[in-house]
Amino acid sequence: MTDRIVVLDDFIDLGTLRETLGAAGIDVGVEFSSEIPSGAGIIALLVGPETVGLDAHHLDSLPDLRLLAATSAGFDHLPVGAAHDRGVAVTRAVDYCTEEVADHALASILSLLRSIGPLDAAVHQGRWSVVEYPPRRIAGTVLGLYGFGLIAQALASRAAALGMTVLAAGRSLSAGAPGVEVVEWDELLRRSDVLSVHVPLTAETAGIVDAQALASMKPGSFLVNVSRGGLVDHEALGSALRSGRLAGAAVDVLPTEPPTADDPILQIPNLTITPHAAWYSSAVSGTLARQSALNVVAVLTGKSPVGVVAAPGS
């Protein structure tokens with residue numbers, strides 16, 4: 001029986017995955033599945049963020065599984081604890097779309113500050129006025145980053161190049177980067193003209209941007225979220241936008257994706273929504289496939305993969 005890798009992500013380039021494995025001398029089958037598989041011989045499961053319902057009982061039916069890999073930076077869709085208990089390595093994708101997400105966040109920030117969306121809508125509705133939604137100067141704007149991983153660091157360098165003042169806050173964050181001021185969460189909320197969140201979704205961070213946090217932000221400030229929808233209390237966000245406390249927000253992620261036609265989130269004013277697109281460019285598919293393949297190689301040869309979330313025996 002040939003060992004198999006099953007891919008639960010239709011974006012992964014299977015050809016690149018096979019080529020990378022072959023170049024490393026690994027002879028295994030590679031197949032795509034739209035359903036969670038079971039049975040012997042499956043040594044690795046590559047799971048996209050759109051896969052739902054994967055839990056411990058599925059792992060029970062995969063006796064040969066050695067690697068459970070998220071093909072995304074987030075791994076909240078994986079049963080990490082159950083995999084660790086079974087001695088299965090768990091990984092997440094690392095640095096595969098840093099540039100894309102940083103670019104998307106910056107584009108969202110600039111669009112909010114320069115009132116691109118509202119001004120465009122006004123013109124299409126027959127109004128021609130710059131003062132109806134006055135654009136703001138970019139240089140001197142205070143950008144607050146909650147979390148300071150690779151994406152936030154890439155965004156910080158872009159923002160600094162445009163003359164923005166960059167603040168950063170986050171758990172155990174003691175040092176930022178040249179030109180980045182490290183502050184506490186409360187100060188970040190109070191001083192930021194734009195708050196951009198860049199942390200994984202965990203029990204600690206779920207709903208971190210809640211009604212209290214939004215009330216602590218500057219009147220007329222903006223929120224950007226390209227990380228995980230669950231970081232933001234969207235009911236509270238809707239209230240803050242309707243009241244005018246926040247001038248606008250841009251999100252690439254929602255608690256439920258895609259939203260239903262009657263989802264109240266679609267009725268929130270001054271909210272720009274993109275369809276979880278921040279990570280995407282034509283280069284990403286191959287990058288993800290190569291990283292996934294090399295992680296399989298590492299696990300099969302007794303080496304440490306990248307992006308380890310849980311390691312056997314730890």
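## Helix packing

Helices α1 and α10 pack with their axes 8 Å apart and at an angle of about 35 degrees. Axes here are lines fitted to C-alpha atoms, for helices over the stretch in contact, and angles run from 0 to 180 degrees between N-to-C directions. Helices (H or I, at least four residues) and strands (E, at least two) are DSSP runs, numbered from the N terminus.

On the α1 side the contact (heavy atoms within 4.5 Å) is made by Thr-16, Leu-17, Thr-20 and Leu-21. The residues of α10 include Ala-289, Arg-290, Ala-293 and Val-297.

## Basis of the model

The model is predicted: local features need pLDDT of at least 70, side-chain atom pairs count only at pLDDT 80 or more, and totals for chains, interfaces and linings use all residues. Residues are numbered from 1 along each chain as its sequence is written, and side-chain values use heavy atoms, with hydrogens and water left out.

## Aromatic pairs

The whole structure holds 4 aromatic pairs. Rings of Phe, Tyr and Trp (its six-membered ring) pair if their centres lie within 6.5 Å; planes under 30 degrees apart count as stacked, over 60 as edge-to-face and the rest as tilted.

Phe-11 and Tyr-280 are edge-to-face, at 5.6 Å centre to centre and 65 degrees between the planes. Phe-11 lies in the loop between β1 and α1 and Tyr-280 in the loop between β12 and α10, so the pair ties together parts 269 residues apart in sequence. Phe-11, Trp-279 and Tyr-280 form one aromatic cluster.
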